[in-house]
Amino acid sequence: MARRGAAALALALALLAVTPAGVGAQGAAVEDPDDDVQETWSLEPSYARPESEPEPFSPPLPAGPGAGERGPRPPQPRPPKKATTKPKKAPKREKLAPPGKNINRKGVRTKSSEKAASDDHGIPLARDAVREGCPPLGLETLKITDFQLHASTSKRYGLGAHRGRLNIQAGINENDFYDGAWCAGRNDLHQWIEVDARRLTKFTGVITQGRNSLWLSDWVTSYKVMVSNDSHTWVTVKNGSGDMIFEGNSEKEIPVLNELPVPMVARYIRINPQSWFDNGSICMRMEILGCPLPDPNNYYHRRNEMTTTDDLDFKHHNYKEMRQLMKVVNEMCPNITRIYNIGKSHQGLKLYAVEISDHPGEHEVGEPEFHYIAGAHGNEVLGRELMLLLMQFLCQEYLAGNLRIVRLVEETRIHILPSLNPDGYEKAYEGGSELGGWSLGRWTHDGIDINNNFPDLNTLLWEAEDRQNIPRKVPNHYIAIPEWFLSENATVAVETRAVIAWMEKIPFVLGGNLQGGELVVAYPYDMVRSLWKTQEHTPTPDDHVFRWLAYSYASTHRLMTDARRRVCHTEDFQKEDGTVNGASWHTVAGSLNDFSYLHTNCFELSIYVGCDKYPHESELPEEWENNRESLIVFMEQVHRGIKGLVRDVHGKGIPNAVISVEGVNHDIRTASDGDYWRLLNPGEYVVTAKAEGFTSSTKNCMVGYDMGATQCDFTLSKTNLARIREIMEKFGKQPVSLPARRLKLRGRKRRQRG
């Protein structure tokens with residue numbers, strides 16, 4: 001999208017005018033005058049800036065057999081204590097600082113690398129002044145392809161080198177195709193796994209994990225690191241008198257970072273396990289840290305480069321930085337933005353949202369309400385940052401006069417809630433983008449998974465439908481929340497209660513909750529209807545609409561529908577073009593999607609925006625490009641279907657009127673002003689509006705292929721009984737109850753006979 005110079009300049013000036021502040025997780029509210037932006041926005045990653053560090057070592061190209069061993073050596077530290085096959089005590093882990101951080105929060109340095117770095121003959125690096133590290137090469141994000149990973153041996157295909165990626169998850173059956181690590185075919189000191197960077201790269205560190213498995217315990221406790229320029233002659237990282245032994249893992253899930261004492265410039269890097277868990281095998285997952293060196297002649301690299309022209313704040317934001325960024329956007333676009341909160345987290349952090357509309361703060365009759373929610377799982381950070389980027393983008397493009405964005409803002413009331421679980425995010429933020437593992441910060445502070453913490457209304461609906469002796473038809477919408485769920489003793493997160501109150505207050509039409517760890521759009525139902533099944537296609541009455549909504553996002557994403565794309569972990573969603581019915585994937589009771597559909601008018605979908613839950617800062621521009629168009633297109637879908645007003649003969653809107661579509665066993669209701677929106681695919685529909693005390697009205701409504709909902713208004717007249725009641729109440733009388741009147745007359749006759 002073309003850049004607008006005036007908007008970018010205004011944004012830069014607004015940011016530069018703000019005084020930097022310290023870092024904190026529980027600062028003042030957005031409205032506080034001391035809430036200032038901590039850093040000016042910069043597109044230049046810190047690892048590209050000049051830094052003071054040791055001269056990197058590059059292995060020479062071989063001149064003959066053994067040339068690699070005769071090559072020049074960098075100054076080497078003394079050897080650490082040799083590792084044994086007995087599991088080591090887990091080293092103290094710290095956050096791997098992504099580029100752009102002002103604070104000094106480096107990755108973990110295990111005993112071997114710390115000792116080497118502090119040796120008189122080694123690199124003079126203090127523990128609290130570690131050099132800025134390079135970003136990950138991309139094993140976890142799949143930027144490193146399967147063809148770039150090689151191993152000495154493997155137990156079977158499902159445990160091949162292509163499965164040796166940080167945080168990769170095994171399939172339920174841990175079968176031959178999708179297992180949870182690279183595992184060597186033999187347990188000896190000659191096994192290795194290597195990465196071909198396909199260009200000269202300054203390698204600075206290695207992160208390792210054990211095997212992801214429910215049943216087995218496999219991890220490497222120590223290893224060597226070797227580099228090469230041709231994959232034949234290898235130079236081992238030394239510690240002075242011998243090969244350097246790096247401490248590995250002490251269990252299978254917590255990532256462990258080892259920084260190289262001297263950056264090594266080469267094309268290939270190899271990990272050679274030296275010891276492993278006594279009762280296990282040689283199995284590992286890993287990520288390599290490295291800075292690719294400039295190479296204008298490398299066609300492969302240039303062909304795969306991704307850049308963005310959007311002048312946005314591409315960095316990770318902690319809680320206070322997030323609030324400050326919201327404030328900056330609000331100050332830039334005060335006429336179309338409003339900051340508010342929907343409640344507080346368990347730790348007391350406010351759940352802030354930003355409203356973007358031409359009349360912020362009020363519901364306009366006939367204008368649909370849309371929302372994005374991110375961060376229900378605190379460690380799924382990409383969705384949170386995409387939301388912060390989206391609100392910046394909408395503000396900038398609106399100021400620049402982008403007609404598409406102006407129309408969207410003026411015709412839609414947009415709500416963006418970037419962090420539903422800020423307590424969990426703060427835990428993940430402390431761990432860092434590479435060292436948090438798969439689940440650190442996923443749950444709320446009191447250990448609740450918000451994603452499946454909503455009331456299970458599916459069971460209530462399906463059990464009622466299965467009963468044959470019910471006196472009247474079961475409602476197919478607006479199903480009431482059970483009393484037990486509303487009690488104070490129920491295991492319900494305060495964040496969940498806040499979202500429910502928010503959705504009951506605002507008549508949302510469409511919503512998307514952003515998650516991570518996969519690349520797919522999931523639509524309801526999320527819960528299987530058959531008992532004892534974990535996977536079963538369970539469609540809603542609006543299945544065709546949900547399929548379209550999911551496809552609208554997936555098809556405009558840069559990678560979701562790419563048939564050549566490698567699966568993130570175990571599931572291949574290409575057969576449905578990057579979409580999936582939630583229940584056919586894995587059943588979840590009490591999901592936000594199902595609750596939203598059965599308790600409100602809102603059609604909610606789960607959007608999994610990336611294989612890496614917490615990508616490195618350097619990946620954010622590319623992830624933004626991957627999702628930007630999809631985020632906008634999905635918001636535009638709120639204008640598909642029919643909309644209108646349900647009024648009485650005097651022109652007054654009728655709230656809570658029921659809108660039914662023939663052939664679709666799911667109704668919706670009008671808002672407080674009598675306006676409604678009903679998402680439908682193109683076609684002709686028979687629509688009925690009915691309300692208590694009014695006669696129903698039916699008409700045909702045509703939905704076209706062009707963007708924009710079809711106007712379909714209804715005027716209802718009161719029933720005769722309702723008019724009688726109205727007249728009698730006006731004159732202070734109550735309507736006569738005919739059955740009671742008959743009983744009274746019969747009693748009078750009996751008394752007269754007696």
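Predicted model: local features only at pLDDT ≥ 70, side-chain atom pairs only at ≥ 80, totals over all residues.
Begin by selecting helix H17, which spans residues 738-753 and holds Arg 753; helices here are DSSP runs of H or I with at least four residues, strands are runs of E with at least two, and both are numbered from the N terminus. Arg 753 is exposed, with a relative accessible area of 68%, where exposed means over 50%, buried under 20% and partly exposed in between, using a 1.4 Å probe and protein chains only. Patches are made of residues with over 30% relative accessible area and no salt bridge, like charges being joined within 9 Å and nonpolar side chains (Val, Leu, Ile, Met, Phe, Trp, Tyr) within 5 Å.

Residues are numbered from 1 along each chain as its sequence is written, and side-chain values use heavy atoms, with hydrogens and water left out.

Next, select Leu 214, Trp 215 and Leu 216, which form a nonpolar patch on the surface with about 390 Å² of accessible area together; accessible areas come from the Shrake-Rupley method with a 1.4 Å probe, and for residues only the protein chains shown count as cover. Trp 215 sits in the loop between strand S3 (193-209) and strand S4 (220-228), and at 64% relative accessibility Trp 215 is exposed.

Turn now to the disulfides, each a pair of cysteine sulfur atoms within 2.5 Å, of which a search of the whole structure finds 5. With the bonded cysteines of the protein chain numbered in sequence order, the pairing reads 1-4, 2-3, 5-6, 7-8, 9-10.

Select Cys 333 and Cys 395, whose disulfide has an S to S distance of 1.9 Å. The torsion about their S-S bond is about 90°, so this disulfide is right-handed. Cys 333 lies in the loop between helix H5 (319-332) and strand S9 (337-344), whereas Cys 395 belongs to helix H6 (residues 381-400), so the pair ties together parts that are 62 residues apart in sequence. Cys 333 is buried at a relative accessible area of 3%, and Cys 395 is buried at 2%.

Move on to Cys 568 and Cys 611, also joined by a disulfide, with an S to S distance of 1.9 Å. Here the torsion about the S-S bond is about -60°, so the disulfide is left-handed. Both Cys 568 and Cys 611 are buried.

Then select Cys 701 and Cys 712, which form a disulfide with their sulfur atoms 1.8 Å apart. Cys 701 is in strand S22 (residues 697-703) and Cys 712 in the loop between strand S23 (710-711) and strand S24 (714-716), 11 residues apart. Both of these cysteines, Cys 701 and Cys 712, are buried.

The next stops are salt bridges, defined by a side-chain nitrogen of Lys or Arg within 4 Å of a carboxyl oxygen of Asp or Glu; a search of the whole structure finds 31 of them. Select Glu 253 and Arg 285, whose closest N and O atoms are 3.2 Å apart. Glu 253 lies in the loop between strand S6 (246-247) and strand S7 (256-276) and Arg 285 in strand S8 (residues 283-292), so the pair ties together parts that are 32 residues apart in sequence. Glu 253 is partly exposed at 24% relative accessibility, whereas Arg 285 is buried at 0%.

Continue to Arg 678 and Asp 542, which meet in a salt bridge at 2.8 Å, N to O. Arg 678 is in strand S20 (residues 675-678) and Asp 542 in the loop between strand S14 (518-523) and H12, 136 residues apart. Arg 678 is buried, with a relative accessible area of 1%, and Asp 542 is buried at 3%.
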